[in-house]
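Subject: Structure handover, backbone notes

Hello,

Here is the structure I promised to pass on. Please open it alongside this note.

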Amino acid sequence: MSQVYRSDLKESDVTPKEVYLNRRQIMTAAGALAAGSIAGPALAKLATVASPYSTDAKPNTLQEITNYNNFYEFGLSKTDPADNAHTLTTDPWSVEIGGLVDKPGTYGLEDIVKGVTLENRIYRFRCVEAWSMVIPWDGFPLKTLLDRVGVQPSAKFVAFQTVLRPSEMPGQRTGILPWPYVEGLRMDEAMHPLTILATGIYGEPMPKQDGAPIRLVVPWKYGFKSIKSIVKITAVAEEPPTTWSQMAPNEYGFYANVNPQVDHPRWSQKSERRIGGGLFAARQPTLMFNGYEKEVAGLYKGMDLRKFF
Ligand code: MTE
């Protein structure tokens with residue numbers, strides 16, 4: 001079906017991207033194509049625009065992005081998610097938004113993306129395990145959603161939760177992590193323009209192994225902050241618990257900002273291996289805040305980043 005919503009427009013104008021289509025919408029789009037009215041309203045809504053926040057680094061291939069994953073709900077090895085994630089039902093999907101907000105509720109994904117401008121954000125992505133990729137996400141600022149539900153002044157953090165569905169997620173039938181996977185951000189981090197909810201990659205709906213149908217992406221932090229397959233977003237007053245800092249608090253902190261000066265207790269964070277670079281490619285130096293220092297350093301002014309790692 002993917003060619004249904006691709007077009008030949010240049011990426012610099014409007015990149016045709018697909019976000020989230022339920023089956024009926026896909027059928028409608030296919031019908032519109034068959035009838036020859038390609039630029040119908042159903043398709044126009046799916047376009048994404050290029051973003052000034054994109055890096056000009058060369059993106060990894062979709063093959064690489066979808067076959068080297070961390071998604072423990074589907075197993076521990078890097079290829080387990082590609083093998084197993086097909087069992088996850090992602091349509092219909094809804095997200096419960098609550099806590100200290102004016103309009104709490106359970107919102108269907110189609111409502112969440114309705115009227116939202118989807119952007120193509122090519123971001124560096126750095127895992128705490130010292131590998132990295134460049135990923136062309138399709139998404140929109142988390143702030144857009146938070147503003148729509150109205151965050152109350154007493155809310156200082158945002159907590160996120162992945163779907164809990166052991167019948168479809170074999171990892172959740174084991175005790176490798178406490179389930180569901182949970183994450184959190186400080187409110188100013190959540191509201192930062194670089195922080196997005198992503199619904200696709202390369203103009204395709206989010207592959208299941210990458211966190212379909214909607215996931216967080218926080219490009220200046222280690223990848224484990226970028227929680228997948230989100231079903232719950234809660235505005236809270238206190239710093240919420242996060243999965244990896246609960247598992248190993250001396251190794252994984254709440255902040256998890258990419259920082260070449262602060263090593264993981266068991267390995268160096270000074271350099272990283274770019275996936276797809278080939279067996280003999282040189283490691284590359286890790287950049288402070290993963291290269292987003294200009295944009296985000298101000299958030300941490302005066303903080304000891306060794307203490308708040
Ligand atoms: N979210 C959930 N629910 N479960 C996970 O195991 N792994 C995290 C993060 N989000 C994870 C998750 C880690 S460690 C990384 S590096 C990224 O997802 C990997 O994202 P990718 O597979 O799309 O590259």
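Below are some notes on its backbone.

First, the basis. This is a predicted model, where local features need pLDDT of at least 70, side-chain atom pairs count only at pLDDT 80 or more, and totals for chains, interfaces and linings use all residues. Residues are numbered from 1 along each chain as its sequence is written, and side-chain values use heavy atoms, with hydrogens and water left out.

Helices (H or I, at least four residues) and strands (E, at least two) are DSSP runs, numbered from the N terminus.

Cis peptide bonds

- W179 to P180: the bond is cis, and omega is near -5°. P180 sits in the loop that runs between strand 7 (157-162) and strand 8 (182-186).
- A212 to P213: this bond is cis, with omega near -5°. Look for P213 in the loop between strand 10 (204-205) and strand 11 (215-217).

Positive phi

- A256: phi is positive, about 50°, although the residue is not a glycine. Its loop lies between helix 8 (243-247) and strand 13 (271-274). A256 counts as buried, because its relative accessibility is 3%. Buried means under 20% relative accessible area, exposed over 50%, and partly exposed in between (1.4 Å probe, protein chains only).
- F289: phi is positive here, near 50°, and the residue is other than glycine. F289 belongs to the loop between strand 14 (284-285) and helix 9 (293-296). With 3% relative accessibility, F289 counts as buried.

Best wishes
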